[in-house]
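Work through the exercises below with the structure at hand. Each task is followed by a solution in steps.

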Number of protein chains: 2
Amino acid sequence: MQSSKVSDASSVKTDPVEARHSEASPVTVDLTAVIVAVTNGEPRVLTVRPSEGEPDTLPSGPLRPDHRTLQTGLRAWVERQTSLHLGYVEQLYTFADRDRATGECGPGMCGPGESARPVSVAYLALVHEAGADGDPQTAWRPWYNYLPWEDWRAGRPRALDAILERLEQWIAEAPDPLKRRQRAERVRLTFAGNHMPWDEERALERYELLYSARLIAEAWHDQGLAPPSDVAAQPGRDMAADHRRILATAVGRLRGKIKYRPVLFELMPPAFTLLQLQRTAEALSGARLHKQNFRRLVERQRLVEETGELETETGGRPAKLMRFRPEVMLERPAPGVRVKATRRASLV
Amino acid sequence: MQSSKVSDASSVKTDPVEARHSEASPVTVDLTAVIVAVTNGEPRVLTVRPSEGEPDTLPSGPLRPDHRTLQTGLRAWVERQTSLHLGYVEQLYTFADRDRATGECGPGMCGPGESARPVSVAYLALVHEAGADGDPQTAWRPWYNYLPWEDWRAGRPRALDAILERLEQWIAEAPDPLKRRQRAERVRLTFAGNHMPWDEERALERYELLYSARLIAEAWHDQGLAPPSDVAAQPGRDMAADHRRILATAVGRLRGKIKYRPVLFELMPPAFTLLQLQRTAEALSGARLHKQNFRRLVERQRLVEETGELETETGGRPAKLMRFRPEVMLERPAPGVRVKATRRASLV
DNA sequence: CCTCCTTATGCTCGAATTGAGCATTAGTAT
DNA sequence: ATACTAATGCTCAATTCGAGCATAAGGAGG
């Protein structure tokens with residue numbers, strides 16, 4: 001079913017006529033959005049509620065002639081589809097792999113071989129609150145549902161054991177010793193083997209590795225195959241087309257970004273406690289942070305100021321409510337929350 | 001027909017007619033490459049020699065159906081156009097502004113409004129040596145020819161005086177006081193006014209600001225106007241379409257990248273002295289670095305190892321020749337040359 | 001050969017940043 | 001009162017950073 005595109009691809013290769021008229025191929029541009037919010041310390045992405053039995057989907061739509069720029073096109077689509085106004089928006093990446101589903105053709109919906117190749121331009125957007133829209137067409141999903149191995153907040157994720165076991169198997173299956181070493185090295189690098197620390201920014205690399213090793217259901221779909229029924233072999237919920245890849249890109253990018261730009265505050269309500277801020281940073285980076293050092297950092301950089309109010313619902317001593325101090329943008333280049341995970345995740 | 005789910009979703013909310021003729025506009029995808037090399041401490045980009053009287057152009061070509069991915073398409077084009085093999089390649093950005101020339105249509109050259117909108121996907125590539133190809137169709141140009149205000153290696157660039165003068169004028173011309181303050185703030189932030197340090201990574205922001213203020217010849221062209229004849233008002237050599245914007249994107253991105261990934265070595269010959277390495281870093285970042293601290297950094301991170309040879313043509317005491325130590329990639333995440341400009345550019 | 005110029009390389013020193021953790025405060029729940 | 005929980009203040013050592021002094025080792029000019 002998803003395989004329709006694969007047959008397109010092969011027709012391109014085999015049909016000499018197709019190959020000869022090598023002019024620019026007409027394509028359509030699809031704008032896809034990863035819209036992120038963090039509520040109660042849980043990072044969520046907005047999904048368009050799929051039809052029964054279909055995998056989850058990110059909001060997206062084609063670029064239209066009346067869109068002046070890619071970004072305005074994206075905003076238009078999202079605002080229409082979700083009645084959500086986007087604040088911070090950033091371009092993520094442009095994908096156009098011929099052999100990898102890009103989602104425009106549902107089962108049987110693709111035209112004949114001539115159909116335009118789908119190019120998708122992915123965007124990342126941050127919004128304040130998840131709750132808002134009661135739109136029944138959309139749903140906020142914890143992003144770690146799709147990428148469970150990325151969540152180290154409660155220590156090493158359970159899913160990793162099964163994953164690493166499968167990856168060892170994949171390494172062993174390599175056709176020759178050189179490839180075997182390369183695979184092993186790639187696993188070690190991205191999955192923190194052997195003296196490598198876990199690098200939370202490598203979310204995309206990890207996803208791509210799992211895809212190569214066919215631990216990602218989409219890898220099977222893209223080849224027109226049904227994934228093995230063994231659930232443990234397919235960690236995380238799958239998504240339509242390459243949306244999970246786009247999500248992984250967003251996660252990695254955002255994890256990097258918070259370290260040198262104050263984007264964290266795009267996700268916060270107008271007033272918040274320092275712990276809430278910390279929880280948000282942890283939600284994104286997927287790691288626990290050292291509390292006192294986190295505060296020191298935020299305070300020394302003067303990223304926030306007191307509102308004067310207190311939050312009493314903390315479960316402990318009341319906390320000062322803070323607000324973002326927008327002037328920082330005008331003071332230093334590159335302010336951000338460059339935090340390092342605590343060594344021992346238990347602490348905090 | 002493209003995105004079934006989107007039109008479904010939107011048709012729920014909006015006028016079905018609108019939704020129906022909301023076909024994706026057909027577009028062509030143009031792959032554009034910023035190919036960078038540094039020779040003798042001068043950063044250069046590969047340009048395709050323009051026809052007489054035409055502005056300089058970056059190598060580019062349309063995405064074709066036989067290209068499996070965007071990146072392979074780009075490599076194919078570049079290898080054909082320049083007989084150059086690309087090593088490091090990274091996607092930069094995708095541009096598709098409707099109102100900004102993207103090169104396919106000169107003034108009046110576009111067909112009727114229906115013509116396909118050009119989308120350009122820009123890539124950055126790093127290569128070892130500029131000299132190589134004797135291809136008469138291409139030329140290596142110092143990138144600061146196009147962005148002279150970005151070169152602070154010999155102190156504050158001369159061009160800045162004229163630029164800032166014009167920008168002051170632009171600020172004063174603002175239609176209302178609020179806009180005036182916003183313009184002033186924007187200038188201060190990007191051009192290091194008033195206690196802001198020069199942030200070399202903001203190359204794109206600076207370019208865009210100059211574009212807004214019409215200090216960039218392309219800003220006039222895009223509106224079908226001839227730029228004023230006053231040369232001082234148009235700093236830097238212009239390029240075709242939005243290629244200078246793409247170049248500015250590349251410069252900013254690369255300046256950021258060298259700080260946390262060892263990409264610098266993609267530009268170096270197999271063996272080099274530490275000073276050559278430093279000159280390369282300086283060439284990219286456009287600033288002078290503190291020599292001893294630079295060596296300390298490179299050595300402490302064990303980015304290089306001695307080859308055992310000496311370079312005697314240094315003009316002074318012979319220097320050890322070094323080579324990149326690729327093992328660093330396997331040791332730590334994010335090794336790089338995160339250097340800060342010396343306060344006083346004279347030192348070194 | 002001696003002097004000067006140039007670059008290479010070693011080393012120091014104080015300031016700032018970072019990682020980790022102790023201690024105290026101030027609320028709520030039992 | 002006692003136990004928990006979270007907020008907040010503070011310390012301390014290790015490391016990193018910014019700046020600069022000092023010395024080494026070549027070549028060029030006298």
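This is a predicted model.

**Exercise 1.** Decide whether Trp198(A) is buried or exposed, then describe its ring pairing.

Solution. The relative accessible area of Trp198(A) is 17%. Buried means under 20%, so Trp198(A) is buried. Next, take the rings: over all chains there are 14 aromatic pairs. In one of them, Trp152(A) and Trp198(A) lie 4.6 Å apart, centre to centre, with 40° between the planes, so the pair is tilted. The two residues are 46 places apart in the chain: Trp152(A) is in the loop between β6 and α4, and Trp198(A) is in the loop between α5 and α6 of chain A. Finally, ring pairs join Trp152(A), Phe191(A) and Trp198(A) into a cluster.

**Exercise 2.** Locate Thr273(A) and classify its accessibility.

Solution. Thr273(A) is in the loop between α8 and α9 of chain A. Its relative accessible area is 5%, so Thr273(A) is buried. Leaving aside neighbours within four places in sequence, Thr273(A) is in contact with Glu311(A), Ala319(A), Lys320(A) and Leu321(A).

Conventions
Residues numbered from 1 in each chain as written. Chains lettered and ligands numbered in written order. Predicted model: local features only at pLDDT ≥ 70, side-chain atom pairs only at ≥ 80, totals over all residues. Heavy atoms only, no water. Helix = DSSP H or I, 4+ residues; strand = E, 2+ residues; numbered from the N terminus. Buried < 20%, exposed > 50% of the residue type's maximum accessible area, 1.4 Å probe, protein only. Contact = heavy atoms within 4.5 Å. Phe/Tyr/Trp six-rings, centres within 6.5 Å; stacked < 30°, edge-to-face > 60°.
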